[in-house]
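Thanks for coming, everyone. Have a look at it first.

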Amino acid sequence: MEKFNLMPYFLGTVVVKQDGNPYFFNIVLTPEAIKAVGVINEIARVFLEENVPILFFKASVPPTETSGEIRIIVSADLKDSKQAEKIVSKLKRSKFVTKVDFAPPLFKGIGVDKWSYPIMIWNDQAIIFRTFIIGRFLRWGWEKIGAGFGGILYRAFFEAGREAYDRFYSRLARGREELVKLVEDMTRLMGYGVLKVVELTDDRAVFRVYDNVECMSLKGVEGAENAMLRGLLAGFLSGYWNTDVYHIRPEETKCIARGDPYCQLEYRREKYEPLV
C-alpha cells in the first residue's frame with residue numbers, strides 16, 4: 001500500500017494549553033507586505049523579545065481577483081492582558097502593520113481564533129464538517145434509506161462538481177497536466193482524501209482515493225459505497241469531456257468501506273441512466 005505523510009491543515013483553530021493563557025492576535029498588513037522580505041521575522045521577533053512561546057502561527061493572503069486583508073494570526077502563552085497590550089504596541093511600530101487586535105483566552109487554558117471567518121477556498125466561502133458529524137449523516141442515510149440515499153448524493157454532487165469545474169478548474173488550469181495536479185491537490189485540501197489520477201483520456205478516467213473520509217465512515221454498512229466523491233468527480237469529468245450526467249458511466253471497483261486499502265473510481269464516456 002502506498003504511504004502518505006499527512007500533516008494537519010489549519011484554518012481557524014482552538015489552542016489548548018493546560019494551565020496556560022493562550023492569547024490570539026490578529027495582525028493586518030499593508031498590501032506592500034506581500035513583496036517585502038523579513039516581515040514574518042519582524043513580527044516573530046516581538047514575541048521573542050517578550051520571551052513568550054508561540055503556540056500557533058498562520059499567514060493569510062487573499063488570492064488574485066478576490067478582496068480581503070493580508071493578515072497574520074498568532075497565538076502565544078502570555079502572563080496577562082497587560083503583556084498583550086505591550087505586544088500590540090510593539091507590533092504597531094512596523095511600517096507594514098495597519099491594525100492589531102487581540103483576544104484573551106476563552107477561559108483558562110483555552111484560546112480561540114476569533115477572526116478566521118468566513119473560511120475561504122480561493123474566492124468561495126466554505127464550511128467545515130467534523131468527521132464524526134459527516135460520518136453520522138452518511139451512516140444514517142445509508143442505513144435508513146439505502147441505495148436511494150446514495151443516488152441522491154451522487155446526483156447532487158455531480159451538479160456541484162460540474163459547477164466547480166466551470167467556475168474554478170477551467171479558469172485556472174491550462175491543459176491536462178495542470179488540471180490533474182490541481183484536482184489532486186484540491187481534493188486533498190478540501191478533506192475528501194488523497195487523490196491520485198491514474199488515468200485521464202478523452203473517454204476514460206481512473207481515480208484512486210486513499211484516506212477517503214466518506215467510505216471510512218461507512219465500514220460495516222451493507223450496500224454502502226462512495227457517492228459524494230464519485231458524483232463530484234463525475235461532474236468534474238462532465239466539464240472536461242463537455243458532456244452530461246447521462247453520458248458518464250461510473251463504477252467503484254475498490255472501496256475502503258468493503259475492506260480495500262483505497263477506493264478506485266472508474267469512469268467511461270458512454271450512455272448511462274443514473275438512479276436519480
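The secondary structure of the protein chain comes to 7 helices and 12 strands. Those are DSSP runs, numbered from the N terminus: helices are H or I with at least four residues, strands are E with at least two. This is a predicted model, where local features need pLDDT of at least 70, side-chain atom pairs count only at pLDDT 80 or more, and totals for chains, interfaces and linings use all residues. Residues are numbered from 1 along each chain as its sequence is written, and side-chain values use heavy atoms, with hydrogens and water left out.

Overall picture next. Along the principal axes, the C-alpha atoms of the protein chain fill a box of roughly 65 × 40 × 30 Å. The protein chain has 276 residues, and 45% of them are buried. Buried means under 20% relative accessible area, exposed over 50%, partly exposed in between, with a 1.4 Å probe and protein chains only. Of the contacts in the protein chain with a separation of 6 or more, 67% join residues 24 or more positions apart. Contact means heavy atoms within 4.5 Å.

Now H7, residues 228-240. Its 13 residues should span 18 Å at 1.5 Å a residue, and the end C-alpha atoms are 19 Å apart, which agrees. The expected span is 1.5 Å times one less than the number of residues. How many of the 13 residues of H7 are buried? The count is 12, so H7 is mostly covered. Among them are Met228, Arg230, Phe236 and Ser238. After H7 comes Asn242, with a positive phi near 55 degrees.

What packs on H7? Start with H4, residues 147-172. H4 and H7 pack at about 45 degrees, with their axes 6 Å apart. Axes are lines fitted to C-alpha atoms, for helices over the stretch in contact, and angles run from 0 to 180 degrees between N-to-C directions. H4 and H7 are therefore oblique to each other. The cut-offs: under 35 degrees is roughly parallel, over 145 roughly antiparallel, 65 to 115 roughly perpendicular, and the rest oblique. The crossing of H4 and H7 is right-handed. A crossing is right-handed if the near helix is turned clockwise from the far one by less than a right angle, left-handed if anticlockwise. On H4, the contact residues include Phe157, Gly161 and Tyr165; on H7, they include Gly231, Ala234 and Gly235. By class, this contact of H4 with H7 has 12 nonpolar, 5 polar and 2 charged residues. Ala, Val, Leu, Ile, Met, Phe, Trp, Tyr, Cys and Pro count as nonpolar, Asp, Glu, Lys and Arg as charged, and the others, Gly among them, as polar.

Next, H5, residues 176-189. Its angle with H7 is about 160 degrees, and the axes are 13 Å apart. H5 and H7 are therefore roughly antiparallel. H5 contributes Arg176, Leu179, Val183 and Thr187; H7 contributes Leu229, Leu233, Phe236 and Tyr240. That contact of H5 with H7 counts 6 nonpolar, 1 polar and 1 charged.

H4 also meets H5. Their axes come within 9 Å and cross at roughly 130 degrees. That makes H4 oblique to H5. Tyr165 and Phe168 of H4 are among the contact residues, as are Leu179 and Val183 of H5. The classes here are 8 nonpolar, no polar and 1 charged.

One last residue. Lys90 sits in H2, residues 81-91. Is Lys90 buried or exposed? Lys90 counts as buried, at 19% relative accessibility. Beyond its neighbours within four places in sequence, Lys90 is in contact with Val46, Glu49 and Glu50.
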